[in-house]
Amino acid sequence: DYASSVVGRLVTGGQLEFVGGGWVQHDEAISNSDSIISSLEMGILWIEKHFGQRARPQVAWQLDPFGHSQFTPWLFKQLGFSQLVMTRIHTDDYNTLEANRALEFEWSASLDWHSADEVGLGQKTSSNTLLTHVLTNYSAPW
């Protein structure tokens, strides 16, 4: 149809980029890895089917989850994302990042839940870090 052809032309021309790509945005507080992966797989496969491999999202998007897991940067890196844009972090964390001019940072993933890595302080490697940006002045659309 007309809308799909317009979107396809914009994607091909590099004027439009999909972000996230999941069928729905998963909540990080109670989701299990299977449901997160299934949602992302379903959405990304749909995008690729309709707009080609070039349209595959490179930027992950977490607009409004209730919390962020240390599993997140690792999972997004494994799925081929190079960056993450997110909102809704704890006010104290946001204020600290903003005061230090660090709303863009490399989020270090950890799957070792019993170490300092749990809070992102572990050794950073290209395979476990995700360039992350926290949006400023976010407010819900309602």
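This is a predicted model: local features need pLDDT of at least 70, side-chain atom pairs count only at pLDDT 80 or more; totals for chains, interfaces and linings use all residues.
Which residue pairs with Glu-48 in a salt bridge? The partner is Arg-56, and the closest N and O atoms of the pair are 2.9 Å apart.

Are the two partners buried or exposed? Glu-48 has a relative accessibility of 17%, so Glu-48 counts as buried, because buried means under 20%. Arg-56 has a relative accessible area of 23%, so Arg-56 is partly exposed.

## Thr-132, inside a strand

Next, let's visit strand β4, which covers residues 129-134 and includes Thr-132. Thr-132 has a relative accessible area of 1%, so Thr-132 is buried.

What does Thr-132 touch, leaving aside neighbours within four places in sequence? Thr-132 is in contact with Leu-84, Met-86, Leu-103, Glu-104, Phe-105 and Trp-107.

## Leu-10, on a helix

Our last stop is helix α1, made of residues 2-12, where you can find Leu-10. With a relative accessibility of 30%, Leu-10 counts as partly exposed, because that class lies between the 20% and 50% cut-offs.

Which residues does Leu-10 touch, not counting those up to four places away in sequence? Leu-10 touches Gln-15 and Leu-16.

How values were computed
Residues are numbered from 1 along each chain as its sequence is written. Side-chain values use heavy atoms; hydrogens and water are left out. Helices (H or I, at least four residues) and strands (E, at least two) are DSSP runs, numbered from the N terminus. Buried means under 20% relative accessible area, exposed over 50%, partly exposed in between (1.4 Å probe, protein chains only). Contact means heavy atoms within 4.5 Å. A salt bridge is a side-chain nitrogen of Lys or Arg within 4 Å of a carboxyl oxygen of Asp or Glu.
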